[in-house]
Amino acid sequence: MSVDSSDSSGRTTQSTSKPQSRASSSTTQSTSSKSESRPSSSKASSLRGPHVKLEPVDGPSWTIKESPLIAAGGGTGKGMFATRLISAGEVILTDMPMLMLKSPYANGEDDPVWSIDDRPHEIPPKDVYKAFKKLSTDDQLYCLTVLSHVATSDKQLLNSAKDVKLEAKSHDELIEAGKILAIWENNVLQAEGELQILCRNVSRINHSCVPNAVHTWDFLSGLSIRAICDIPAGTEVLISYVRDFDCYTKRAEDLTSYGFRCTCAACGESDYSRESAKRRSELDELELSLVTHDPDGDGTPGKPEISTEDELRICKRMLQVLAHEPSMRSFEAEIQYHYGYRLHDLGRTAEAVEHLEAGFRLLTICQGSERSTTQECKEELDECKEELDEMPSFIKPERSSVRK
Ligand SMILES: [Zn+2]
């Protein structure tokens, strides 16, 4: 996908260089857990045709089966599992969205409920409902069965459908509308900027705060899931639905609506989880000092830029912390690139090469070699290497180690 200059929290990176400081590589996830109660609504039955497939077809490297992770969190549900070794950087699957919507508020219209810390502007329920009703019969049925898994009472469904009373008039239509809105809320993904999508197979992937996969988006191929590390056969493929740097309490709160409790290594009671919590908190603070708020959306930063010296110090510290959090490789990729780019600016070319090489390797894994960010990093790296080659040997600096 093309690089977006703002992250999911509405922060904007300092606009002084090509590299982006935060997570534009992976779309921000807010899918559901896949806790399922297989519904058999009369509407779903009426939609069912003779050739409708309720289950996704297995991919070349994955299958859908019961997830022990969901069971450990107190639910029942399925997830996606590797059927063979999936190598780091491999595209596990690519999904074209069934639904693709953008909030009318995304274009600067006043949104009464939006704040800077929110994720994309909410799509008005009536827009979701209308778009859903235009889906093919197969897709509607798939959503109403496979993707509808949060048990909700009729009273709750009717309440959540109150905003679509003009579109759904009868009691049955309102119940179905409530289900549709819940399906959207529990499975929607942020694709790029304000674009929000609902996908068929990606919605089957469960959450972990220590994921082994990320997702990227582009208009031509859709949403891709990439392994960020080697995933052995039999291992569940997991992505993160929440912001990496949030504390346990905030992550748990954000996951509540998906009907499960995360039991990943970062959420348990262990030395790792305690240390990881400290690292996430530090990264959160460091990232805040790297970015500038733009509350008015007019390019006016809310606080002054930091000095280059401080920026380098922050990048270096972030990389030291990230060395202990391999599930945050997407973020590390961008910091390596950002750091290398800044070092090059300052003429510290040999050091720049080390970080640009690391950035390029990680960007290739997390985003793919065709991405504009990956290619820009490669160009910067090649430029640095050329400069080094042209330097007389007596002034050519020694290369440093990336991780000190
Ligand atoms: Zn967790």
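These notebook entries record what I looked up in this structure.

**Entry 1: the model.** I noted that this is a predicted model, in which local features need pLDDT of at least 70 and side-chain atom pairs count only at pLDDT 80 or more, while totals for chains, interfaces and linings use all residues. Residues are numbered from 1 along each chain as its sequence is written.

**Entry 2: the whole chain.** I found twelve helices and twelve strands in the protein chain; these are DSSP runs numbered from the N terminus, helices (H or I) having at least four residues and strands (E) at least two. Of the 404 residues, 44% are buried, that is, 20 or more other C-beta atoms, placed from the backbone, lie within 10 Å of the residue's own. I then turned to contacts (C-beta atoms, placed from the backbone, within 7 Å). Among contacts with a separation of 6 or more, 70% join residues 24 or more positions apart.

Entry 3: I looked up an open sheet of three strands, with the order E5-E7-E6 and antiparallel pairing; two strands pair if DSSP finds at least two bridges between them. Strand E5 (97-102) and strand E6 (189-192) are its edge strands, each pairing on one side only. E5 and strand E7 (residues 195-199) run antiparallel and are joined by five bridges. I noted Cys199 in E7 as the bridge partner of Pro97.

**Entry 4: Tyr142.** Which helix holds Tyr142? I located Tyr142 in helix H4 (residues 137-145). Tyr142 counts as buried because it has 24 C-beta neighbours inside 10 Å. From Tyr142 to Arg200 I read 58 residues in sequence and 8.1 Å in space, C-alpha to C-alpha.

Technical notes
Buried ≥ 20, exposed ≤ 12 C-beta atoms within 10 Å, placed from the backbone. Contact = placed C-beta atoms within 7 Å.
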